[in-house]
Amino acid sequence: MAEAKRCAWLTPSRHCGKARRVTQPLSFQNMILRLHDYWSRHGCLILQPHDMEMGAGTFHPATTLRALGPDSWNAAFVQPCRRPTDGRYGENPNRLQHYYQYQVILKPSPPDLQELYLGSLAAIGIDPLLHDIRFVEDDWESPTLGAWGLGWEVWCDGMEVTQFTYFQQMGGFDMKPVAGELTYGLERLALYIQNKDSVYDLAFNDAGVTYGQVFHENEVEMSTWNFEIADTDSLFDQFRKHVAECENCLAAKLPIPAYEQAIKASHVFNLLQARGVISVAERQAYMGRVRDLAKGSCQAWMDRNGWAA
Amino acid sequence: MTDFLLELRSEEIPARMQDRAREDLAKLFAAELAKAGLVASELVTYATPRRLTLIARGLPTETAAVSEETKGPKASAPPQALEGFLRKTGLTREQLVERDGVLFAVIDKPGRATAHVLAEAIPAIIRAFPWPKAMRWGAASTTMESLRWVRPLQGIVALFGDDVVPCEVAGIVSGAATVGHRFHHPGIITIGNADDYVEKLRACHVIVDQAERRQIIALGATMAARKAGLELVQDEGLLTENAGLTEFPVPLLGRFDAAFLDVPPEVIQLTARVNQKYFVCRDADGALANAFVCTANIDASDGGAAIIEGNRKVLAARLSDAKFFYDTDLKVPLEEQARKLDRIVFHEKLGTVADKVDRVAKLARWLVEEGIVASSAPLPLAGGAGGGHVPLANASDADSPSPNPSREREGELSRADLASLAERAARLCKADLVTGMVGEFPELQGLMGGYYAAAQGEDPAVAAAIRDHYKPVGQGDDVPTDPVTVAVSLADKLDTLAAFFAIDERPTGSKDPFALRRAALGVLAIQTSSHLRYDIQAAYEAWGRAAGKEWLSIATGLEHLRYFFADRLKVQQREAGVRHDLIDAVFALGGEDDLVRLLARVHALQAFIGTADGANLLAGYKRAANILKKEGFAPSSPLPSGEGQGASAPRGEGDAQRTPDHPHPSDASRLPPSPEGRGDLSLSYTPEPAEAALANALDSAEPAAAAAIGAEDFAGAMAALATLRAPIDQFFESVIVNDAHDDKRAARLALLDRVRAAVHNVADFSKIEG
């Protein structure tokens, strides 16, 4: 097993020298820079990742909290996402327990949001007369955030590269006005742009560093920890403490720190899931607990800003 | 006459909603027109991902002028009443018309321009549109009252003849402009009228007609497969879905790594279909080929090479994930997986899935040990050997067991062996619920367990039972016939039914959250197909023992379960053309827990009622029953309600082996009261000939019918009843029941009561309609 993993780890680096071509496609990091440039030109604040473990960019307070209320809000940022159960010990070319989302939130949703989005694909070099771009129904729901929206998963040649959502509710509150959210799967887009089969073979920059060199070992070790090593007693304990601390913050009417505790509780719950110690029956109860924390934080945020539901 | 074109353009409409949306658009439009007294000669609707279109042909340019008359007060009414009426109608006294002393207001309404009607209709239709899920969007959504549509509405084309019908909805103003294909022709197109709409869009890479897109995909996919020397696996659902996902469909065939064919074909097909909306292909031998057909929405500049490559990559990623699950699952013995079922709650009051499995295993064993499910045909009614695919009813010779070629060891499979196999299969049947593959594709439950069991060296019969034990899942699904599968499938469904009935969770109205109706239909299908005989009470008691002591105290659902099965039997038999009232008529006798026997009786009854004798006997019965009812004559043999004569006799052990030569004691106990007992009282008068003839006929018909029923010869029982027909007719023709003499009256009523009782031994004719 250890041998196999080591080989998988070595494979991408052996190829990295050959990946350089005359007409070089966008590297992973240049793709991000292009998106930053594009959305900056279209009026978005370019924010940085939130410094906490979370399962999706939607958890970033710049999305969850800022989506609420009447104020206009346009922002774009990269958010690292952690989904412990998706770990594959670095052996699956497409599944990772840690990956990046590029998140754009526009409130109110502009009338030409689809065209803006397609413009961003063009900016990173996707030709819609060469690649089949499709908007396929996908109603989005986050039970842990008490949020839902309608929209699509955007397909590029059959691969879901973006989640495109018109938020209708967040934290149990109706959106007034509705925000549009774009969530790009950066690794998947890069696979297309660079025409690679494995995420580990992606060129991270133009100087020969691959995604595998940066992250493969991380996937191997984190998968092992997520699935096998993480101390479950400690995790259960952490969950309880984050819940208590969130409630402590809510009592003090501090929505932002309360929400951060909700994010932490959510991630600990995900880790417990990966360790397989939460039964199906308990699962609902845990998710309900996290949802209460997130909703409570949103409520406190609305209250603090003086917004009516 | 003029044509009208309406196009409602929006961001991508979900494929599954488009057909319904076309219907709703036509319905709403027709209703709006009807309000103005307009009818189109033809309504055509189209849907693409980005537009919902209606063309109404043959509309007049104006609505007809109408004259409306409103009734007012009497001419002699007080002035206040008249004033009120004038105010309401806006007329003066002189303008009213008087007729027969009553005043009428006659208002002539001139015709309206149809364009005006349409201008009002369009916003009304949009606002009332019943999307299954609608949303708000944009700057207007600061209030909850903003327009809701399936996805943001982008434009309205409304042309009556060549003229725009001016209207506005949520800031969107109608016009003649639309757009073509999102990528091939993103610019504005101006539509002239309803006649050039389809062709102008076609020129801009939009095939408006969904049926045409469907056709293009069907043909293109079939041809692409043929060109590759393969045969497309047809899939109507995929055709419709892909037609709903494209405005300019281009089917493209790609290949995937043949190494993935190690994964079960069902998994590949499901992955391709559900996740990617691809068709799959078969090779010349009928095996799944390493090819897929995707449907692109563009005429790609490179002929589709990049699209095929991209889709291949996605499918490869999906299949490698599936292969990961499959390989990982294969390494874990099902027995070990089964132990994890105690983590899955089946129902909060019914414990975990592990608890359910334990009950099912015991019940499956019981079904075999009782001889209810046997490795060869257990009963006399059907005959033939069990196990094969030939329905048992078709086999003719009951006494010579025909060897089943598909299972050589059939003959030597003892009851004990069969019981062990059934229990083993039952204990493993839910284990795949905790496997990675079923976690990813819940619809593969059973099937994956079957694959894993076979790969892990379980008996083939056990693997097949795991695979098929959910069957039948609906009308038309395969009904298991292999005895091991039958035992597990039946036990699983009986457990579900018994358990939910025991905790009083019964279906009500349209609510059946635990799919108990389907489970009951499954039980009936298996029973009738394999001619299994057992009684419900015995099975319920066996379930109670399997469930443990604590369950026995609440096992009160038996009576409900009986009626539930009778109801389901009606549903099942309706398909086969069996009248529900005849099932009621037999079921009303009560105490019949053997559904196979019940059904045999119903069939005989239906055949009999169809004859002249049957119809006349029914008429005679009804006449007798009416007289008895009118005279308040208490039935001498009250019909049992549910619990009944004979039902209490314990059944079970002997049932399956019972033959016509050995009438069951419980049937004998349902014999009519002996003639000496009543009815043939020594009369105080000389009976009229028809009266005596009927008594004599009853004397012979009663024991004949009873004997026939005891022997399960229901046709014979009907024949015995048929002998009563002529005497009854004769009786009603020449005998007056309501005689002045109390003695005569009482005796004749008693005679009619005997008729009723005799008939009730066969079926409760009062339940029969007509």
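Is A:Cys298 buried or exposed, and what is its relative accessible area? A:Cys298 is buried, at 0% relative accessible area, where buried denotes under 20%, exposed over 50% and partly exposed the range in between (1.4 Å probe, protein chains only).

The model is predicted: local features need pLDDT of at least 70, side-chain atom pairs count only at pLDDT 80 or more, and totals for chains, interfaces and linings use all residues. Residues are numbered from 1 along each chain as its sequence is written, chains are lettered from A and ligands numbered from 1 in the order in which they are written, and side-chain values use heavy atoms, with hydrogens and water left out.

**Cysteines**

Over all chains the structure holds zero disulfides, a disulfide being a pair of cysteine sulfur atoms within 2.5 Å. In chain B, select B:Cys429, which is buried at 1% relative accessibility.

**Aromatic pairs in chain A**

Over all chains, 37 aromatic pairs are found. Rings of Phe, Tyr and Trp (its six-membered ring) pair if their centres lie within 6.5 Å; planes under 30 degrees apart are stacked, over 60 edge-to-face, and the rest tilted. Select A:Tyr211 and A:Phe215, a tilted pair with 5.1 Å between centres and 45 degrees between planes. Both lie in helix α6 (residues 211-229) of chain A, four residues apart, about one turn of the helix; helices are DSSP runs (H or I, at least four residues), numbered from the N terminus.

Next, select A:Phe239 and A:Tyr286, an edge-to-face pair at 5.0 Å centre to centre and 65 degrees between planes. Because A:Phe239 lies in helix α7 (residues 232-251) and A:Tyr286 in helix α9 (residues 280-305) of chain A, this pair ties together parts 47 residues apart in sequence.

**Charges over rings**

One aromatic cluster includes A:Trp152 and A:Phe164. Over the face of A:Trp152 lies B:Arg151, at 5.5 Å from the ring centre; the criterion is NZ of Lys or CZ of Arg within 6 Å of the ring centre and within 35 degrees of the ring normal. In chain B, B:Arg99 lies over the face of B:Phe104, at 4.3 Å.

**Chain B: Leu447**

Finally, select B:Leu447 in helix α13 (residues 447-455) of chain B. B:Leu447 counts as buried, at 17% relative accessibility. Beyond residues up to four places away in sequence, B:Leu447 touches B:Glu266, B:Asp432 and B:Arg467, contact meaning heavy atoms within 4.5 Å.

Terms used: Helices (H or I, at least four residues) and strands (E, at least two) are DSSP runs, numbered from the N terminus.
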